[in-house]
Amino acid sequence: MDTDVLVVGAGPTGLMLANQLARRGVRARIIDRHAGPARESRALGVQARTLEIYSHLGISDQAVALGKRADGAVLWAQGRRAARVPLGDIGRDISPYPYLLVLGQDDNERLLRDALRARGLAVQWNTELVGLAQDTDRVTATLKDPDGTRAEVTVPWLAGCDGARSSVRELSGIAFEGAPYQHVFFVADVQMTGSMAPDVLNVYLWRTGFHLLFPMRGTDHWRIVGILPPHLRGRDDLTFEETIPALRHEVGTELSFQACNWYSTYRIHHRRAAHFHDRRCFLLGDAAHIHSPVGGQGMNTGLQDAYNLAWKLALVVSGRAGAALLNSYEDERLPVANHLLKRTDRLFSLVVSDSRLAGLVRTRVMPRLMGLAMRRKSVQRLAFRTISQTGIRYRNSSLSEAIDSLPETAPRAGDRFPWLRLKFAPSGPTEDLFEKLDDTRFNLLVFGQAAPPGGIPELADQLRVHEVPSDPANDRELARARIPRPSFYLLRPDGHVGLGGTHLESAAVTRYVSERLHFGAKGASRPPRGSLTWDAHAATRSKA
Ligand SMILES: Cc1cc2nc3c(=O)[nH]c(=O)nc-3n(C[C@H](O)[C@H](O)[C@H](O)COP(=O)(O)OP(=O)(O)OC[C@H]3O[C@@H](n4cnc5c(N)ncnc54)[C@H](O)[C@@H]3O)c2cc1C
């Protein structure tokens, strides 16, 4: 076997996974059934957490230069400006990227493909997965060329990043629970002028629906997403011109359109796979969860699924950790998808409901409540953390442990460690912590006590140690993030706190590394979750 992980699907999720595996030395192969990259841009909101990950990948500067920053959102109700969400001001001390970056999915994919090529790996197009069989130590995948030729490949691990109609999910017999929404969306890429607030996301709430207007790079360039009025649904030949009267009615009669570069309609579903992990196969991105695009979280969630799985797979493939570590992928990401589905479903139901009461809530109550709530700093911060996905945490994960009592307000095990600017030497410069962290390794941050001179032997070369000296500027920054002295945080490669506490005790760290991270365990001696025989597994599923 010359491939450690077969990545099925070269959308954003598969490309992110292949990149993250390649930079960790894993032999990945990435295939896609299409002849080449998709040309439609589809998703267009890149959240702050994704940009933080892009930064480690070396593509955040290019993404920011290519995209358009939306520093916030303006809410319009019945044509009147009702509230403003100033993302830029709120997120300034939470992330180096305190905005929503409007950048089409096609551009995101191109950056990811270029980064992958720079690592010596290219997508193998025209290659479709059509068969899958698992046994205890391998997966046999049947691949088909466009001329119908079939070939079998055997790999230790397989990642299904193959979108909403995932073959990996279907061939594994994993249910995709949920339902379609009755509404039909439209998306239009246009050149237009009107009363929209510039450089921000404009949200138009109306008695009978909503429109989202995203500012795009270039003059008067906007992307419109909305739901079709009922009388236009069910038509395959619909044109943008036929949507304009409803748009003018809801967004403003003064809208003037110069060009429409792209127009498409689509139905959406809200669904989640019953499992994200079946023995040697994983589901990520749209293959695992799909939901309403309200909130711009879909593509970002897939990218972050990949970031969560990649470091774990790399440790298992290299033989450093036992396969049991991989169970934490589903344990951590399935609740994130659940939460997202519930939240987007609630929000979506409210913004599309045809009932008179919902119409009143949407146009009268919601904007007023939002206007009032957004004056409170705590609400602002919660809004930023939720939208930007910097608030995603894994506090209930088996990988999250506190060894002694940190204050309730301090960062906790499972949290994304906060973004800080610190001095790492007594008279040194102030540096960006996220730039100091090596995301291909664990990072141990030590405050107010000496770091262990030999590091943590069990983690060996998988660890970077950062001792933060006492300094007035550091103390202010730590107080802002409510980090006590003394304390220590062992960060996982993806920047989440694995182990935290006040006093660094090597015995506790050793125990954490072996019991929670499964270092030193042999993959074969700890079989991955669901390691039943194929038939027994199928029987279990059909009963469910
Ligand atoms: C019109 C439209 C507008 C959208 N707008 C937004 C938005 O504004 N915001 C947002 O967050 N999300 C939006 N989405 C959703 C967003 O596009 C998805 O969340 C995102 O594409 C998921 O990426 P993925 O890599 O998981 O899957 P995909 O992008 O679907 O990629 C899956 C890949 O797998 C390949 N594949 C499938 N089956 C096989 C097989 N058997 N063998 C080999 N290859 C296979 C496919 O060819 C494809 O390239 C939109 C979607 C659509 C359709």
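How many Å separate an oxygen atom of the ligand from an N or O atom in the side chain of D32? Keep that question in mind while you get your bearings; the model you have open is a predicted one.

**Stop 1: the whole chain**

Start by showing the chain as a cartoon. You can pick out 15 helices and 26 strands. Turn the view along the principal axes, and the C-alpha atoms fill a box of roughly 70 × 65 × 45 Å. The radius of gyration is 24 Å, which agrees with the value near 24 Å that a compact globule of 544 residues would have.

Colour by burial next: of the 544 residues, 56% count as buried. Among contacts between residues at least 6 apart in sequence, 71% join residues at least 24 apart.

**Stop 2: the shell around the ligand**

Select the ligand and the residues around it. There are 28 of them, and T13, D32, Q105, S167 and D286 come nearest.

**Stop 3**

Zoom in on the side chain of D32, and the opening question gets its answer: one of its N or O atoms is 2.5 Å from an oxygen atom of the ligand. Move on to T13, where a polar side-chain atom lies 2.8 Å from a ligand oxygen. Then select H34, which has a side-chain N or O atom 2.9 Å from an oxygen atom of the ligand. Now show the surface of the ligand: taken alone it exposes 990 Å², and the protein buries 88% of that.

**Stop 4: A521**

You will find A521 in the loop between helix 14 (506-516) and helix 15 (534-543).

Is A521 buried or exposed? A521 counts as buried because its relative accessibility is 14%, and the cut-off for buried is under 20%.

Conventions: Residues numbered from 1 in each chain as written. Predicted model: local features only at pLDDT ≥ 70, side-chain atom pairs only at ≥ 80, totals over all residues. Heavy atoms only, no water. Near = heavy atom within 4 Å. Polar contact = N/O pair within 3.5 Å; in protein donor to acceptor, adjacent residues only side chain to side chain. Areas by Shrake-Rupley, 256 points an atom, 1.4 Å probe, with all protein chains shown as cover. Helix = DSSP H or I, 4+ residues; strand = E, 2+ residues; numbered from the N terminus. Buried < 20%, exposed > 50% of the residue type's maximum accessible area, 1.4 Å probe, protein only. Rg over C-alpha atoms; globule rule 2.2 N^0.38 Å. Contact = heavy atoms within 4.5 Å.
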